[in-house]
Amino acid sequence: GFALTGPIDAWAIGGLEQPLLVGLLTWAVVLCLPAVDPTGGSAPRPAGEAVGVPTPRLAPLGQAPRPSAVLVPGLLLGLVCLTRPDGILLGGGLCLGIVLAGRSRGALAVAVALAAPQIAALGAQLVFRRLYYDDWVPNTAHAKLVFTLPRLALGLDYVITGCGRLLGMFVPAAVAVIAAVRGGPARRRRILVIATPLVLWLGYVAAIGGDFFPAWRHLVPAIALAALLVVESLAWLAELGTAPLVAGVVIMAGCAADLAIMQGRDRECARARHESWEWRGTALASLLRQAFGSRQPLIAVDAAGTVPYFSDLPALDMLGLNDRYLAQHPPADFGRGDLGHELGDGRYVLSRRPDLVMFCIPPGTDRACFRSGHELMADPEFGAQYRLVVFELPPPYLLRARLRVRVDGKLGVERGPGEIRIPGLLFTGRETVARRVEGRIVAELPAGQAAELSQIVVEPGAWRVRVDADPADVAIRVSSDAGDPVEGRGAVAVSHRGGPLAIELRASAVRARVTAVVLSRSPR
């Protein structure tokens with residue numbers, strides 16, 4: 001059943017911490033169980049004893065444990081805390097389960113020995129975070145964690161709906177409750193140890209509002225613990241005899257079949273299967289790294305994953321998960337919107353002067369999706385400073401990425417003594433795309449199509465405006481509010497009397513690739 005669940009299938013290759021977290025947690029629980037019950041649940045039966053009446057031999061929890069008995073699981077739980085800061089709830093739940101199961105000084109000693117590495121790991125992480133980030137909690141806690149009734153309702157819906165999709169796993173696990181009641185003290189102890197962190201984790205997930213990733217990411221630890229309870233259920237049925245065991249196996253096989261069918265119909269799992277924008281982000285990141293890596297432009301993104309990672313460019317996370325200012329300056333309605341997507345501040349983003357802006361998920365969109373983007377789009381200053389540029393991604397991803405480029409940024413207009421160089425990518429039109437050709441980004445104009453860039457601030461004087469293009473006979477038209485337009489092919493002379501200029505390029509009968517438009521001051 002464990003392998004049939006969509007969350008396990010999805011997050012085994014999801015690239016986040018779930019596989020490591022589940023591996024560490026599962027091994028820690030399994031290695032802790034001998035400290036609770038060295039017999040594995042029951043002692044050998046005396047000859048002639050009835051099969052249906054197990055005789056468990058209780059673990060010596062009234063005695064202090066040897067440190068070596070819990071050293072390895074303790075270290076594993078310490079790593080759980082380093083894998084996720086909230087992993088202390090899983091490890092702490094395991095310790096609490098041991099105390100509740102044993103209710104003795106020995107059980108408390110086992111719990112303390114297990115808790116020590118967790119506390120040490122958590123303390124070391126806190127000290128490092130305080131010294132390095134000047135904060136006690138992760139930035140994501142500021143960005144996501146808030147306790148409101150709308151968030152609680154969202155979390156309860158997440159847990160109830162997610163567990164409902166996984167009934168084929170949780171129903172067999174629920175048999176462990178019956179085993180705990182009727183299976184004797186040893187079995188009860190083992191089940192209580194496993195079930196306590198499971199219940200605590202589900203309650204925590206509900207309290208924080210669930211998760212926005214597909215395939216029930218936060219239920220992955222719960223699935224692993226439920227799988228261990230299924231094993232305990234089967235072990236209890238085996239103690240009752242062959243007939244109960246066979247009946248239990250048949251029922252659980254039916255649950256596994258139902259689980260497989262339900263996972264195939266689960267929309268969240270389907271969303272994970274069909275989600276491929278990360279690969280598009282990888283392709284876009286490769287283009288940006290190759291074209292602009294040496295200039296290190298700042299890129300502002302909503303999805304701060306594949307593009308910043310694979311491009312090696314400095315990035316500004318407009319959702320605040322990786323930005324200290326946004327995370328610590330939440331909006332007034334924080335806690336009432338979509339988890340992890342509520343933060344944003346258009347003026348702050350604009351003040352950082354990003355050279356590239358990508359809205360929504362890769363490869364970017366014309367319209368904004370979240371708060372920072374909506375505020376930027378409503379800001380006239382943003383409209384004046386940025387141009388929408390359509391980048392064509394190379395094979396095998398024949399896609400078009402839509403990014404805003406800062407006109408006067410690292411990738412924009414270059415101003416020098418007596419010369420202004422405007423990169424071709426800023427000249428956009430209905431059919432114009434920016435493409436990487438022979439190591440350079442050029443603007444490709446289809447035959448007969450025009451592209452324009454306006455509001456170019458140029459000092460008064462005599463200027464020669466030249467187009468670097470292939471072929472070179474691109475038509476050029478330069479106009480301003482202070483005089484009549486000037487037209488020519490390849491280059492024109494302009495006597496500029498002040499005010500912004502507008503430059504329009506038009507390809508001839510063949511496609512043109514524009515590298516740059518260069519304005520050179522003519523000698524008097």
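Predicted model: local features only at pLDDT ≥ 70, side-chain atom pairs only at ≥ 80, totals over all residues.
**Helix H9 and its partners**

Let's start with helix H9, which covers residues 185-208. One of its partners is helix H10, residues 220-240, and the axes of the two lie 9 Å apart. They pack at an angle of about 160°, which makes H9 roughly antiparallel to H10. As for handedness, the crossing of H9 and H10 is left-handed.

Who does the touching here? On the H9 side the contact is made by Arg187, Arg190, Ile191, Ile194, Ala195, Pro197, Leu198, Trp201 and Leu202. H10 answers with Pro221, Ala222, Leu225, Leu228, Leu229, Glu232, Ala235, Trp236 and Glu239.

H4 passes H9 in a right-handed crossing.

From H4, the residues in this contact are Leu89, Leu90, Gly93, Leu94, Leu96, Gly97, Ile98, Leu100 and Ala101. From H9 come Arg189, Leu192, Val193, Thr196, Pro197, Leu200, Trp201 and Tyr204. The contact of H4 with H9 splits into 13 nonpolar residues, three polar and one charged. Look out for Pro197 and Trp201 of H9: they turn up in the contact with H10 and again in the contact with H4.

Trp236 sits in helix H10. With a relative accessible area of 6%, Trp236 is buried. Setting aside residues up to four places away in sequence, Trp236 touches Val175, Ile178, Ala179, Arg182, Gly183 and Arg187. Take Arg187 from that list: Trp236 and Arg187 are 49 residues apart in sequence, yet their C-alpha atoms are 7.7 Å apart in space.

Now for the loop between H9 and H10, where you'll find Arg217. Is Arg217 buried or exposed? At 5% relative accessibility, Arg217 counts as buried. Beyond its neighbours within four places in sequence, Arg217 is in contact with Trp11, Leu16, Glu17, Gln18, Arg84, Lys144, Tyr158 and Asp211.

**The cysteines**

How many disulfides are there? The count comes to one. Cys360 and Cys369 form a disulfide, with their sulfur atoms 1.7 Å apart. The torsion about their S-S bond is about 100°, so this disulfide is right-handed.

Cys81 and Cys95 are another story. For Cys81, the closest cysteine sulfur is that of Cys95, 9.1 Å away, too far for a bond. For Cys95, the closest cysteine sulfur belongs to Cys32, and at 7.3 Å that is too far for a bond as well. The cut-off for a disulfide is 2.5 Å between the sulfur atoms.

| Cysteine | Relative accessibility | Class |
|---|---|---|
| Cys81 | 1% | buried |
| Cys95 | 8% | buried |
| Cys360 | 4% | buried |
| Cys369 | 39% | partly exposed |

Notes: Residues numbered from 1 in each chain as written. Heavy atoms only, no water. Axes fitted to C-alpha atoms, helices over the stretch in contact; angles between N-to-C directions. Helix = DSSP H or I, 4+ residues; strand = E, 2+ residues; numbered from the N terminus. Parallel < 35°, antiparallel > 145°, perpendicular 65-115°, else oblique. Left-handed = near helix turned anticlockwise from the far one by under 90°. Contact = heavy atoms within 4.5 Å. Buried < 20%, exposed > 50% of the residue type's maximum accessible area, 1.4 Å probe, protein only. Nonpolar A, V, L, I, M, F, W, Y, C, P; charged D, E, K, R; others polar.
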